[in-house]
Amino acid sequence: MNQRSIGIVGCGRMGANIARRLKDVGHTIAALYDVRVQAAQDTANETGGEVCTELSRVSQLSDVILTVVTDDEAMYRIFATEGDSLLSGAKGKFFVNCATITPKVHVDVQKLCEERGAHSLEACMASSIPQAREGTLYLMVGGRREVFERLKPMLEQMSASLKYIGEAGRAAQVKALVNMVMNINTAGLAEGLGLGDALGLDLTMLREVFSQTGANSRVLETDGVDMQNRDHDCYFSADHAAKDSGIALSMANDVDLSLPLARATYEQFERMKALNLGGLDKSGISELTFKSRHAADQLART
């Protein structure tokens, strides 16, 4: 099973680019599904494959189905126990679930799949759109070790670094922590640059100083220029940042742990959503911290 027949559920930025990558390395893209049919069609125009309007058809056509959906509700919907579902005809199929969702959902999905003779992995992505296209994702995998080993060659074709974390739900826990810390760093950088701007400092100079000191971070590299230039083209949206910080806070609540920085960051991204800025890249949080920008004025009135 080196070259597989692949189904993709969720043909947004990440799912579509994973499909392109897998086609490039020799896999057959057999089926594509998205609630926005045109998104699936646009991907199929490049990768081939049948544009499916039923989830059960994706399972019928594919050996391996990758799912890249938005949230817990969407995952439960595509793995529903009644009606149209990927579980229909799932026996012998492999599901690789890439969305950042609550860890318990991955545990539930694995159980549902195994009850039907299918296999499930979570493959949590700590990278963005260019890496999905180039096959250089950082993937954290959870689920049965033997399933991971069977799918490892394909996962290696998607990634520059691949790490097996442990049983179902564990990779999702790690991914939530990765995004929680990333979001805190993003909010902190926005505050630092916002204060620098208010003080009249040259932000290019300030970013260079940050990069050579303890203020350095990966977020400075990826988002610093964008914050300065108000370039918020979306690679990882504020909507998703709020969702993922919320997942981490829920995990903390489960173990009775207070995370004030994570809570404050979550509230900042929720403010973005309230101001209809949730579709911006996470760098758009700087719109809340620069006095000269419109969101700061709106916040002052609320």
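The following questions and answers concern a predicted model of one protein.

Residues are numbered from 1 along each chain as its sequence is written. Local features need pLDDT of at least 70, side-chain atom pairs count only at pLDDT 80 or more, and totals for chains, interfaces and linings use all residues, while side-chain values use heavy atoms, with hydrogens and water left out.

Reader: How many helices and strands does the secondary structure of the protein come to?
Author: Helices (H or I, at least four residues) and strands (E, at least two) are DSSP runs, numbered from the N terminus. On that basis the protein has 13 helices and eight strands.

Reader: What radius of gyration does the protein have, against that of a compact globule?
Author: The radius is taken over C-alpha atoms, and the globule rule is 2.2 Å times the number of residues to the power 0.38. For 302 residues the rule gives a value near 19 Å, and the protein agrees with this at 20 Å.

Reader: What percentage of the residues in the protein is buried?
Author: Buried means under 20% relative accessible area, exposed over 50%, and partly exposed in between (1.4 Å probe, protein chains only). Of the 302 residues, the buried ones make up 50%.

Reader: Among contacts between residues at least 6 apart in sequence, what percentage joins residues at least 24 apart?
Author: A contact means heavy atoms within 4.5 Å. Counting contacts in the protein between residues at least 6 apart, the share that joins residues at least 24 apart is 64%.

Reader: Do strands β5 and β6 run parallel or antiparallel?
Author: Strands of a sheet pair through backbone hydrogen bonds, in either direction. Four bridges join β5 (residues 94–97) to β6 (residues 119–125). Among the bridge partners are F94 with H119, and N97 with E122. The two strands run parallel.

Reader: How many of the seven residues of β6 are buried?
Author: Strand β6 spans residues 119–125. It is mostly covered, and the number of buried residues is six.

Reader: Where is D256, and is it buried or exposed?
Author: D256 is not a glycine, yet its phi is positive, at about 55 degrees. It lies in the loop between α11 (238–254) and α12 (260–274). With a relative accessible area of 73%, D256 is exposed.

Reader: What is the relative accessibility of N276?
Author: N276 is placed in the loop between α12 and α13 (294–300). Its phi is near 60 degrees, a positive value in a residue other than glycine. N276 counts as exposed, because its relative accessibility is 71%.

Reader: Which residues does S59 touch, not counting those up to four places away in sequence?
Author: S59 is in helix α3 (residues 55–61). S59 counts as buried, because its relative accessibility is 0%. The residues that S59 touches are I65, L86, S88, G89, K93 and F95.

Reader: How far apart in space are S59 and T102?
Author: In sequence, S59 and T102 are 43 residues apart. From C-alpha to C-alpha, the distance between S59 and T102 is 24 Å.

Conventions
Pairing = 2+ DSSP bridges.
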